Amino acid sequence: MSSSTPPTIPKYDVFLSFRGLDTRRSFISFLYKELVRRNIRTFKDDKELESGRKISPELERAIEESKFAVVVISANYAASTWCLQELVKIMDFVNKGSLTVIPVFHGVDPCHVRRQIQKVAVQFEKHETREGREKVLSWRQALTNLANISGVCTLKCEDDSMMVDEIAKRISTLIDTTRKPTRTGSSLVGIDVHMKALSRLLDLNSSKKSVRVIGIWGRGGNGRSALAEFVYKNICQHFESHCFLENVKRISHDRHMSHLHQEVLKRVQVESNSNQKVLLVANEVNKLEQLDALAEDFSCFGPGSIVIITTQDKQLLVSAGIKLVYEAELLTFQKVRELFRQLGFRVRERAIESVLCKGTNLAMKWLGCCLRVRSGYRKVS
C-alpha cells in the first residue's frame, strides 16, 4: 500500500498587509502581538520592497497559504506600489474563494478609499505618471473591491488598544468557526482512547520552555502514520509553524543526513533565535542518524514546541533517549470487525483475519478507505 500524502493545511491563519511607514511600530506591532498571544498563526513581512520590484514567490506563497488576510489601509497605503501589488494578489485569492479578507481602515475614511478621492486621488495621480495604465487600473479595482467589503474603521474608536482587541476577537471567532477540528475517524473504534492517552504526553498547556519530543511506536504498517496525521491535523493550529514529514526514511534514502536537516528548515521556515512555537511530525524514522539530523533543528524551536517521531523500532527511541513514548496496541478481532462495519465495508471474516496482524485499528481504517470504490465494495483477497 502506498504511503499517505501529507495533510494539506494552510500554513497561516492570518496574513497581515500594511504600510510599514505608517503602522509597523505601532498598530501592527500591537495587533501582531495580540494575534500570536491567541495562538493565531500570523504572517508579518518585515521587509519593504523597493519601488518597481515584484512580489517574491515566497510572499505570494504566504498569501496563498493563509486562511485570512487583514489589510490595514492607512494614510500612505495607496502611495506604495508594493502594497498595491500585494493587494491585487490578495484580492485574486479572495475572488477564487480560497482567502477571506478583513479590511481595517486605520485613520482613513472608507468612503475616500472606495471613491478614491482627496489624498488617495493624489496618490494615484502620481502612479499614473510612472506606471502603465493597465497596472494602475488593476490597483484601483483591487482597492475599490476591498473598500466595498465591510471592515473595521479606527476613526470610530480613539483607543488603538481597544481596536486591536476587537479585531483580534473578531478574527479569533472567524477562525474558530472555520477551524473545526479534523476529526476524521473520531467515531471509529479506539481513536478516542489513543487521543486521550496522547493528550497527556502532548500536554499542550505546559509551561515548560524545553522542546517536547514524543515517540509513537507500533508494529502496524500504516497505523502509526494514520495516528500521527490525525494528531497533527487536530493540534497544528496551536503552533506558529508546523511541518509533517510524511516519510523520513524515503527523504533520507541514499542521501547525506544534512539533506534531511535542510528539508526541515525549508518546510518549517524557522530562523535561528526566532523563538517560534513549532510542531514537527517526523513519520517513519528508521535510523538513529535521522534523529540526530533532526535534533540539529530543535535549538531553533521556541518554548512549547513539540516533535513527534513515529517508528516501528522501539529500541531506536530508547537509544535516542526519548522517554515520552506512546505504544499503539493491536486490536482484537472483534474490534477490527466492528471497525469495518462502521466504515460500511463488507468483507468476509476470513479476510479480516488475514490482515489483522498487519496493523492497528487506524491501519484497518486506512485499508477500508483505500479499498472502497464508488461502484460498490471490493473483496479483500
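This is a predicted model: local features need pLDDT of at least 70, side-chain atom pairs count only at pLDDT 80 or more; totals for chains, interfaces and linings use all residues.
Five strands form an open sheet in the order S2-S1-S3-S4-S5, and their pairing is parallel. Strand S2 (42–44) and strand S5 (152–153) take the edges. Each has a single partner strand, so one side of each is left without a neighbour in the sheet. Strands of a sheet pair through backbone hydrogen bonds, either parallel or antiparallel. Between S1 and S3, the parallel pairing runs over five bridges. Ser17 stands opposite Val71 in S3.

Val71 also belongs to the largest nonpolar core, which has 35 residues. Within this core, the members that touch the most others are Val71, Ile73, Leu87, Ile90, Val101, Phe124 and Leu143. Strands S1 (12–17), S3 (66–73) and S4 (100–105) each supply at least two residues of the core. So do helices H3 (57–64), H4 (81–96), H6 (119–130) and H7 (133–147). The largest share, nine residues, comes from H4.

Ile73 deserves a separate look. Residues up to four places away in sequence are not counted here. Beyond them, Ile73 touches Val104, Phe105, His106, Val108, Val113, Leu143 and Leu146.

Rolling a probe the size of a water molecule over the atoms shows where empty space is left. The structure holds four cavities of 30 Å³ or more.

Asn286 lies between strand S8 (278–282) and helix H13 (288–298). Is Asn286 buried, partly exposed or exposed? Its relative accessibility is 35%, so Asn286 counts as partly exposed; the class spans the range between under 20% for buried and over 50% for exposed. Leaving aside neighbours within four places in sequence, Asn286 is in contact with Lys249 and Leu316. Asp313 is 27 residues from Asn286 along the chain. The C-alpha atoms of Asn286 and Asp313 are separated by 6.8 Å.

How values were computed: Residues are numbered from 1 along each chain as its sequence is written. Side-chain values use heavy atoms; hydrogens and water are left out. A nonpolar core is a set of buried Ala, Val, Leu, Ile, Met, Phe, Trp, Tyr and Cys residues joined through side-chain atoms within 4.5 Å. Buried means under 20% relative accessible area, exposed over 50%, partly exposed in between (1.4 Å probe, protein chains only). Helices (H or I, at least four residues) and strands (E, at least two) are DSSP runs, numbered from the N terminus. Contact means heavy atoms within 4.5 Å. On a 1 Å grid over the protein atoms alone, a cavity is a set of points where a 1.4 Å probe fits but cannot get out, and a pocket is an open set with protein on both sides within 12 Å along at least five of seven lines; lining residues have an atom within 4 Å of a point. Grid points are joined across faces, edges and corners, and a volume is the space filled by probe spheres set on the points. Two strands pair if DSSP finds at least two bridges between them.
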